[in-house]
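I am opening a new page in my notebook for this structure, and I want to record what I looked up in the order in which I looked.

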Amino acid sequence: MIRPSLVRSSVLRMVRPQVIQQRRTFSTPNSILRGDLVQDLYLREIRAYKPPPLKPSDSDGHVQKFSAPKAPQSPDEGDIAQDLKAYENQQVELEGQAASGESGAAEESWFEEEEDDEEHAAAPH
């Protein structure tokens, strides 16, 4: 036999609207809690990366072998003496002076001459 109090309580539960218990909670967006999915994947892959070990023969095709340059040849001592004498016997050329036997070319004036002020005053504006 079913007890009447049990039947009445179950009927009241179905008829009575459900009371939702509300609590004040701090809500944060899921993206902040979860973090950035792409960034997490990227950082995980970076941390898991192990570079291949370097071998001594890895640089063979990329670097040239060093070879010492040839030693320079010393100049001939006889030629140096002749060149020095020719230099000492050379005539000194000064700028602005004509060389011996040449006629001095007239120097051009690179400065522009100003027009007279009187001509400007006489011209109507």
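How much accessible surface does the protein have, and what share of it belongs to carbon and sulfur atoms? I looked up the total for this predicted model and noted an accessible surface of about 14,500 Å², with 55% of that area belonging to carbon and sulfur atoms. I then turned to burial, and found that buried residues make up 0% of the 125 residues in the protein.

Next I listed the secondary structure, which comes to 5 helices and 0 strands, so that I could write the order from the N terminus as α-α-α-α-α.

Confidence is lowest in helix H2, residues 30-34, at a mean of 60, whereas H3 has the highest mean, at 93. I keep in mind that where pLDDT is low, the predicted coordinates should not be read in detail.

I therefore went on to H3 with its mean of 93, and noted that this helix covers residues 37-48, has 12 residues, and reaches 17 Å from its first C-alpha to its last, close to the 16 Å expected at 1.5 Å a residue. The helix is hardly covered, since the count of buried residues among its 12 residues is 0.

Is tyrosine 42 buried or exposed? I located tyrosine 42 in helix H3, and I count it as exposed because its relative accessibility is 56%, where the cut-off for exposed is over 50%.

Key. Residues are numbered from 1 along each chain as its sequence is written. This is a predicted model: local features need pLDDT of at least 70, side-chain atom pairs count only at pLDDT 80 or more; totals for chains, interfaces and linings use all residues. Side-chain values use heavy atoms; hydrogens and water are left out. Helices (H or I, at least four residues) and strands (E, at least two) are DSSP runs, numbered from the N terminus. The expected span of a helix is 1.5 Å times one less than its number of residues. Buried means under 20% relative accessible area, exposed over 50%, partly exposed in between (1.4 Å probe, protein chains only). Accessible areas come from the Shrake-Rupley method with a 1.4 Å probe; for residues, only the protein chains shown count as cover. pLDDT is the predictor's confidence in each residue, from 0 to 100.
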